[in-house]
Amino acid sequence: IICAAACSPRAETPAASGAFHLRAAWVTPAASGDNASLFLTIDNFGELPLHVTDVSSPSADRVVAVGKVPGDSTAAVTIPPRTVLDLSPRQAYLVLRDVRHALRPGAEVDIVLHCGTRTRLLVVAVVRHPGPARTA
């Protein structure tokens with residue numbers, strides 16, 4: 001769920017870049033063939049909107065939006081300047097449909113935010129059960 005003039009034209013860009021930051025990404029556990037919920041927070045610190053045209057994962061057949069994500073059931077969204085988009089269990093979030101392998105707690109899942117045809121942002125989400133995140 002991200003992109004705009006802040007994105008570089010490189011094929012892959014780190015999840016924290018310039019005027020925006022992707023954080024707190026996590027996915028619920030799921031058996032192969034089931035769906036998993038994806039949550040993350042996107043901070044747009046910039047002066048321009050961030051435009052995400054799609055979200056995908058090599059671990060799922062497709063990623064769709066659920067709830068009140070500004071946009072539609074696709075994962076496309078625009079995040080206005082100086083805004084935080086919180087995709088959380090109590091609000092809008094994303095769903096990994098038909099996961100390709102079991103997602104067990106502690107595993108990591110690659111999530112790709114597509115920003116037009118040339119820019120992709122990679123974020124790694126940790127698989128965990130709902131509830132407060134535990135820190136060591």
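**View 1. Antiparallel pairing of strands E7 and E10 in the predicted model.** Six bridges connect E7 (residues 60–66) with E10 in the antiparallel sense; two strands pair if DSSP finds at least two bridges between them. Helices (H or I, at least four residues) and strands (E, at least two) are DSSP runs, numbered from the N terminus. Arg-62 has Arg-97 in E10 as its bridge partner. Residues are numbered from 1 along each chain as its sequence is written. Because the model is predicted, local features need pLDDT of at least 70 and side-chain atom pairs count only at pLDDT 80 or more, whereas totals for chains, interfaces and linings use all residues; side-chain values use heavy atoms, without hydrogens and water.

**View 2. Strand E10 beside strand E4.** E4 (residues 36–44) and E10 (residues 93–99) run antiparallel and are joined by three bridges. Ala-36 lies opposite Leu-96 of E10.

**View 3. Surroundings of Val-27.** Contact means heavy atoms within 4.5 Å. Beyond its neighbours within four places in sequence, Val-27 contacts residues including Ala-36, Leu-96, Leu-103 and Val-127.

View 4. Arg-82, in the loop between strands E8 (77–79) and E9 (83–87), has phi near 50°. Its relative accessible area is 56%, so Arg-82 is exposed (buried is under 20%, exposed over 50%, partly exposed in between; 1.4 Å probe, protein chains only). Asp-98 belongs to strand E10 and has phi near 50°; Asp-98 is partly exposed, at 35% relative accessibility.
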